[in-house]
Amino acid sequence: MRRFVRSHATELALLAVIAVICVFLSFASQRFFTLGNAFDLLNTSSVNIIFAVGLLVVLIAGGIDISFAVAASVVQYLTATVLGWIGGGNWTVGLIIAGALGVALGCINALLIHRFRIISIVATISTFNIFFGLLMFFTGGVSIYNLPDWLTTRVVLFEREMADGTWAEITLPVLIMAICVFATWALITRTTTGRQLYAFGDNPEGARRFGINIGAMQFIAFGWLGLMAGIAGLVQAHYAQEVVPNALYGRELDVLAAVVLGGARLGGGKGSVFGCILGVLLVSITQNGLNLMGVSPFAFKMIVGAIILAAITLSNTSIERLLPFLKSRRAPS
């Protein structure tokens with residue numbers, strides 16, 4: 001039992017915090033603890049969870065990327081443009097185009113980091129500004145409203161009518177999110193590549209000496225995040241039913257805070273999909289509860305800043321120092 005608690009301490013702590021917050025918010029707002037609000041929370045969190053599982057892979061590999069949200073905006077616009085050229089397409093075509101464009105942008109980051117030996121955060125700060133600058137320059141900040149019918153048609157997977165006549169619905173973004181979550185879990189826990197990513201993030205020099213292809217690890221990690229960003233961009237366009245160039249601008253910090261809070265270590269070599277999801281849900285639940293209570297969105301920005309600070313502190317502090325009772329007792333000699 002002690003070993004289980006120690007190995008899952010972050011996830012258990014997050015579950016406890018989420019439970020406490022949910023109990024508090026259920027008393028603070030009558031609308032919070034309802035099926036409709038729970039489904040809305042899941043639907044609206046789908047894009048951030050897709051971003052998060054992609055970022056998780058980069059953090060596990062010892063990198064950091066803050067350009068993914070802007071990359072998703074670029075993919076949104078390019079995908080909508082290409083779909084217009086080919087006459088509309090469908091979900092399969094859209095996901096392939098968005099995924100391919102996302103991978104290409106992710107590989108640009110990997111190329112800068114691996115080929116030119118640029119620190120990942122510096123490289124992605126640069127591409128963040130380059131991608132966003134090019135997007136706003138060529139689009140003039142003009143949104144696209146004329147999207148294919150399949151992209152704007154709301155797809156309901158499950159629905160239930162509530163007592164007040166409203167409907168609680170789970171929509172297509174949740175299914176796409178679930179597939180992305182499963183694919184990421186399979187990649188990092190059920191493949192040799194996943195084990196190599198952990199090893200590379202934990203000890204890059206040791207991984208290199210062991211024969212792991214360092215360049216391949218970086219291209220896989222940033223390419224996977226690019227793939228998730230591309231898919232998330234298309235899902236966001238479906239959810240909003242329009243493409244707004246700056247709609248996803250600024251999400252990178254929220255997602256980064258959530259992923260690190262979920263147990264991913266900024267130094268690499270640590271992180272789990274379950275903890276990542278819990279981190280996103282904690283941030284989303286907090287925002288949802290504050291919105292229902294009528295709290296200013298600027299107050300939420302302060303809370304996100306505090307979450308980032310707490311996440312970084314926790315990522316650099318051993319769980320034994322925070323929870324001394326989890327230390328194993330020494331066996332008597």
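## Hairpin of S1 and S2

In this predicted model, strands S1 and S2 form a hairpin with five residues between the strands. Within this hairpin, Gly-165 adopts a positive phi near 95°. S1 covers residues 156–161 and runs antiparallel to S2, to which five bridges join it.

Strand S2 spans residues 167–171 and is mostly covered, with four of its five residues buried. In a regular strand, side chains alternate between the two faces of the sheet.

## Thr-124 in helix H6

Helix H6 runs over residues 120–139 and includes Thr-124. The relative accessibility of Thr-124 is 0%, so this residue counts as buried.

The side chain of Thr-124 lies 3.5 Å from the backbone nitrogen of Ile-66. When neighbours within four places in sequence are set aside, Thr-124 is in contact with Ile-64, Asp-65, Ile-66, Ser-67, Asn-109 and Phe-222.

## Cysteines

The whole structure contains zero disulfides. For Cys-107, the closest cysteine sulfur is that of Cys-180, and because the separation is 17 Å, the two are too far apart for a bond. Cys-276 is also in no disulfide, and its nearest cysteine sulfur, again in Cys-180, is 12 Å away.

The relative accessible area of Cys-107 is 23%, which makes this residue partly exposed. Cys-276 is buried, with a relative accessible area of 1%.

Conventions. Residues are numbered from 1 along each chain as its sequence is written. This is a predicted model: local features need pLDDT of at least 70, side-chain atom pairs count only at pLDDT 80 or more; totals for chains, interfaces and linings use all residues. Side-chain values use heavy atoms; hydrogens and water are left out. Helices (H or I, at least four residues) and strands (E, at least two) are DSSP runs, numbered from the N terminus. Buried means under 20% relative accessible area, exposed over 50%, partly exposed in between (1.4 Å probe, protein chains only). A polar contact is a pair of N or O atoms within 3.5 Å; within protein, one must be able to donate a hydrogen and the other to accept it, and residues adjacent in sequence count only if both atoms are side-chain atoms. Contact means heavy atoms within 4.5 Å. A disulfide is a pair of cysteine sulfur atoms within 2.5 Å. Two strands pair if DSSP finds at least two bridges between them.
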